[in-house]
Amino acid sequence: SKATVSVLYWRESKMSRVRTESMIQRLAKKPLSEGFELWDKDYLLGALRLFQCKLDTSPPFEVAPCAEAIATILASIEEDEEAVEVFTMAGEKYDLIQKPLMGAMMKAKAAEITEGIEVAFKLINEAILKGNEGNSKEKPQLGRLFSYRADLHGKSNRLNEGIADCQKALTFSPGRTDPGDAEYVTHHQMGKLYEAASNIAEAEKCYMNALTHRNVYFPSCEALIPIKKVQEDLEGALSQIENAFALHPKANLLREKAFLLSEMGRDEDGLKVCEDGILNPPTEETEALTGHSRSKAVLFKAKAAILADAGRLEEAKASIEGALEQDPADIEAIRMSADVNTTLSREYLAENSIPQFLDALVSHVLVTKPEDPIAFMVDAIENDKVPLP
């Protein structure tokens, strides 16, 4: 999975990557906003590397948001122990720059991982109460707290409460590094809550609002694809796939495009998308350790699925074999291979009337009841004595 490969990449980077002084200096000179742009486009590992280098060299006011970003990405790739450590550090750094509410939120995020959502709820509620009672300088930080509490509500399936907290968060213009620079994240978050509540129209509005504020925000661009499908706007879905691919080329997006084209009655166009992708697979961050094998396997399987649906089973079988060459342990490809081989076997039996022949042979035995049924069946077959219907 993406998370597993990302974790491997992170661990290997920690253990064996030697960062030269020139690389640290080069990345350290880049603005923090470039790391957030990589993150917004779903280049998690590139963002993580930049934030790490910035953390080593940043002025105090940038260290806390930089550490928070690192911790959040680590949590998203299931590096929980590291994430807790860096969230704790981020909390301490926020306290140092007089942002106590942000410090409290970092403690709540660490507690969510180590002690569970209810403990995180308790801590964030206490922080929000303190913020409401605090001075005006702390008020902007409340937006971030409401946004985080909305996330906790979503994880607890308290969707209406989450939506209400997103709306409160937007009144404070919550940002990542400064208030007001990341409203689009909260718009997207509210869209996911509306979508989970099956309110597709409001979800779409939220995703569109997010993209209005930040037109390179990959999560909202990608989230609009299934929305368009539900609305039966297949051309709109196709356009969204292309927009998302322009932001971050991924094999999964090519697969979605191929399937959508097939659904629109354009099988040959869908197959061409797969074939072109196999020849020139998109380079994904998570394939830094594995090459293009995963991307190629995804596209071989997509091609096989389209061919199988069109009844072109021998070609589908060849495509599945291509997927297994890329990844012999691919469970989906193994299952697809078994399904296609079973279908081909059934077709062979049907084309040669073998089920009907066997039924007639067994019926002949039951009617005749010979003393030696096996010898009787052999004789019937050899001497063409089976009474076919």
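Student: In this structure, does Cys-66 count as buried or exposed?

Tutor: The model is a predicted one. A residue counts as buried when its relative accessible area is under 20%. Cys-66 has 0% relative accessibility, so Cys-66 counts as buried.

Student: How far is the nearest cysteine sulfur from Cys-206?

Tutor: Cys-206 is buried, with a relative accessible area of 4%. Cys-206 takes part in no disulfide. Its nearest cysteine sulfur is in Cys-166, at a distance of 7.9 Å.

Student: How many disulfides does the count come to?

Tutor: The cut-off for a pair of sulfur atoms is 2.5 Å. By this rule, the number of disulfides is zero.

Student: What is the secondary structure of the protein?

Tutor: The protein has 389 residues, and 44% of them are buried. Of its contacts with a separation of 6 or more, 55% are between residues 24 or more positions apart. The secondary structure comes to zero strands and 21 helices.

Student: Which element gives the most residues to the lining of the largest pocket?

Tutor: The largest pocket has a volume of about 1,200 Å³. It is lined by 36 residues, and the closest to its centre are Trp-39, Thr-72, Lys-109, Asp-151 and Val-185. Two or more lining residues come from each of α3, α5, α6, α7, α9 and α11. The most, seven residues, come from α9.

Student: What kind of aromatic pair do Trp-39 and Phe-51 form?

Tutor: The count of aromatic pairs comes to five. In the pair of Trp-39 and Phe-51, the ring centres are 6.2 Å apart and the planes are at 75°. Planes over 60 degrees apart count as edge-to-face, so this pair is edge-to-face.

Student: Where in the chain do Trp-39 and Phe-51 lie?

Tutor: Both residues, Trp-39 and Phe-51, are buried. With Phe-36, they form one aromatic cluster. The pair ties together parts 12 residues apart in sequence, because Trp-39 lies in helix α3 and Phe-51 in helix α4.

Student: What is the angle between the planes of Tyr-184 and Tyr-217?

Tutor: Tyr-184 and Tyr-217 form an edge-to-face pair, 5.0 Å centre to centre. The pair links distant parts of the chain, 33 residues apart, with Tyr-184 in helix α11 and Tyr-217 in the loop between α12 and α13. Tyr-184 is buried at a relative accessible area of 6%, and Tyr-217 is buried at 7%. The angle between the planes is 65°.

Student: How far apart in space are Leu-50 and Glu-34, C-alpha to C-alpha?

Tutor: Leu-50 is found in helix α4 and counts as buried, at 2% relative accessibility. Leaving out residues up to four places away in sequence, Leu-50 touches Leu-27, Lys-30, Pro-31, Glu-34 and Gly-35. Leu-50 and Glu-34 are 16 residues apart in sequence, and their C-alpha to C-alpha distance is 8.3 Å.

Technical notes:
Residues numbered from 1 in each chain as written. Predicted model: local features only at pLDDT ≥ 70, side-chain atom pairs only at ≥ 80, totals over all residues. Heavy atoms only, no water. Buried < 20%, exposed > 50% of the residue type's maximum accessible area, 1.4 Å probe, protein only. 1 Å grid on protein atoms, 1.4 Å probe; cavity = no way out; pocket = protein on both sides within 12 Å on 5 of 7 lines; lining within 4 Å. Points joined across faces, edges and corners; volume = space filled by probe spheres on them. Helix = DSSP H or I, 4+ residues; strand = E, 2+ residues; numbered from the N terminus. Phe/Tyr/Trp six-rings, centres within 6.5 Å; stacked < 30°, edge-to-face > 60°. Contact = heavy atoms within 4.5 Å.
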